[in-house]
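Okay, everyone, thanks for coming.

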Amino acid sequence: ATDTGTDLEHVLLSEEQLAERIRELAAELDRDYAGQDVLLVGVLKGAVMVMADLSRAMSIPLSMDFMAVSSYGSGTKSSGVVRILKDLDADISGRHVLIVEDIIDSGLTLSWLIANLSSRGPASVRVCALLRKPEAAKVVVDVAYVGFDIPNEFVVGYGLDYSDRYRNLKCVGTLAPHVYS
Ligand code: PRP
Ligand code: MN
Ligand code: MG
C-alpha cells in the first residue's frame, strides 16, 4: 500500500489518547520542575513528536537539546553498545536534565544514556518516556515519567518507525502482516 494509514493492523493509542496523556505528563512536569530551569533532551529520531508536543504542553521555562545515538553490534536491535551520532550542543553540568524518549523496549539505549549524561555532572537526570514495554525489559531503567505501558508488540507511529517509515502517523498502532512480506 502507498497509504501508510492502511498499513496498520490496529490502533493501540489514538491521537486523542496520546494528546490527553501528554497533557497530564506536562502538568506533572510543570509542577515537579517549577522554578528549576529544566533542559529537555530529545533522543533522535523517535522522540521528535513527543518532544514537540510535550514541550508545547508545558508552561514553565525550559530549554531543548537533542542527541542522536545508534546501537550497534551483531543483532538488529539494541546491543547495549551505543555510539553517539550527534551529541548535545551544550554543557549540562549543574543542569536539571530530562531525557525525553518515545519508547523503552529492552531499556539498553536509555540505561547507557542515563549513565553517559550522569557522568557530565548535571544537577539531576530523569527520564520521561511515552511508551514502555515491561515484558521486553533486559535491564531495569529508573523512569520517573511514563505515558503508557504497552504489550510486547512491534508498534509504529507518533515518532516510532519501521525502516524509517510511519513516524508521521498521528496514532500508535501495530503494522499489518503484509507490510513485512
Ligand atoms: C528506538 C526507540 C528508542 C530505542 C528503544 O530507537 O526510539 O530510542 O529504540 O530501544 P531499547 O530500549 O531496546 O534500547 P531506534 O534505535 O530505532 O532509533 P530511532 O529513534 O531513530 O528510530
Ligand atoms: Mn530512538
Ligand atoms: Mg527506530
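Let's start with helix H2, where the buried residues are Met 49, Val 50, Met 51 and Leu 54. "Buried" here means that 20 or more other C-beta atoms lie within 10 Å of a residue's own; with 12 or fewer it's exposed, in between it's partly exposed, and the C-beta atoms are placed from the backbone. Helices (H or I, at least four residues) and strands (E, at least two) are DSSP runs, numbered from the N terminus.

Before I go on, a word on what you're looking at: this is a predicted model, where local features need pLDDT of at least 70, side-chain atom pairs count only at pLDDT 80 or more, and totals for chains, interfaces and linings use all residues. Residues are numbered from 1 along each chain as its sequence is written, while chains are lettered from A and ligands numbered from 1 in the order in which they are written.

Back to H2. Its buried residues pack against H1, E2, E5 and E6. Contact, by the way, means C-beta atoms, placed from the backbone, within 7 Å of each other.

Now, the core. Which residues touch the most other members of the largest nonpolar core? They're Val 50, Leu 54, Leu 98, Ile 99 and Val 100, out of 44 residues in that core. The elements giving two or more residues to this core include helix H1 (15-32), helix H2 (48-57), strand E5 (96-104) and strand E6 (124-132). A nonpolar core is a set of buried Ala, Val, Leu, Ile, Met, Phe, Trp, Tyr and Cys residues joined through C-beta atoms within 7 Å.

Take Ile 99: not counting residues up to four places away in sequence, Ile 99 touches Val 41, Val 43, Leu 110, Leu 113, Ile 114, Leu 117, Val 125 and Val 127. Val 127 sits in strand E6, and we call Val 127 buried because 23 other C-beta atoms lie within 10 Å. Leaving aside neighbours within four places in sequence, the contacts of Val 127 include Glu 101, Val 141 and Ala 144. From Val 127 to Ala 144 it's 17 residues in sequence and 5.6 Å in space, C-alpha to C-alpha.

On to the sheet. We've got an open sheet of 6 strands, in the order E4-E3-E2-E5-E6-E7, with mixed pairing. Strands pair if DSSP finds at least two bridges between them. At the edges are strand E4 (82-86) and strand E7 (145-149), each pairing on one side only. From one strand to the next, the twist averages 30°. E2 and E5 run parallel, joined by 5 bridges, and Gly 42 stands opposite Val 100 in E5.

In general, most residues other than glycine have a negative phi, and most peptide bonds are trans. Here, the bond from Leu 44 to Lys 45 is cis, with omega near 0°, and Lys 45 lies in the loop between E2 and H2.

Buried or exposed, what is each one? Tyr 158 is buried, because it has 26 other C-beta atoms within 10 Å. Asp 164 is exposed, because it has 7.

Key
Contact = placed C-beta atoms within 7 Å. Axes fitted to C-alpha atoms, helices over the stretch in contact; angles between N-to-C directions.
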